[in-house]
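The stops below go from one selection to the next.

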Amino acid sequence: MSTDPERKNLRASDADRESVAGLLHQASGEGRISFGELEDRLTKVYAAQTYGELEPLISDLPMGLPQLGRKEPDTIRLTATVNDVRREGRWKVPRHIIAKTEMGNIHLDFTEAVLPVGEVLVEVESKSGGVVVVVPDGVPVNAEGIGVDSGSVSNAVTDETLGLSRIRVIGHSGMGDVVIRRPRRRWKLFGRR
């Protein structure tokens, strides 16, 4: 968000306040701030009138500050014709993702992503390539809206956790596979003492 002196006094919108509130909820879920701190900061968020009042509430968090006052794109289109397309690491997730594959694969890793509060719609248009969706614990996925020809749909995210964010996968898979899973765990081996 990094407000410069000219922007500091500009009026914040409801969307700006919701964006900051979403980051605070995420920070609390990751153990960066306590529940008491979350409540205190949220009270200040919803009372804030300007960008300058919002900035200090998240400036100590490594979450990727939102660009207040700038509308984020609601939809991104990812197309994998021959090569693979990946979204992973820290990235801001829009509300609607269209994942279209010809012969390539699309890998959507939400493990470290900044998810919006509410639903993210992933629309699959897969001919022969595959789509892999990796979601962190606490984010439920509904994949009942996918039609399949000769491909398959595998959803290993079976819990019904009610999180702040959720993902719904719809669309059609021709010969490609759609795989939805949690991140792979890396086991550490401890030597004997």
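Buried means under 20% relative accessible area, exposed over 50%, and partly exposed in between (1.4 Å probe, protein chains only). The model is predicted: local features need pLDDT of at least 70, side-chain atom pairs count only at pLDDT 80 or more, and totals for chains, interfaces and linings use all residues. Residues are numbered from 1 along each chain as its sequence is written, and side-chain values use heavy atoms, with hydrogens and water left out.

Select Arg86 and Glu88. Their side chains form a salt bridge (3.3 Å, N to O), a term for a side-chain nitrogen of Lys or Arg within 4 Å of a carboxyl oxygen of Asp or Glu. Arg86 is partly exposed at 44% relative accessible area, and Glu88 is partly exposed at 43%. By this rule the count is eight salt bridges.

Next, select Arg168 and Glu119, joined by a salt bridge at 3.2 Å, N to O. Arg168 lies in strand E9 (residues 165-173) and Glu119 in strand E5 (residues 118-126), so the pair ties together parts 49 residues apart in sequence. Strands (E, at least two residues) and helices (H or I, at least four) are DSSP runs, numbered from the N terminus.

Now go to Arg41 and Glu37, both in helix H3 and four residues apart, about one turn of the helix. Their closest N and O atoms are 3.2 Å apart in a salt bridge. Is Arg41 buried or exposed? Arg41 is buried, with a relative accessible area of 9%, while Glu37 is partly exposed at 34%.
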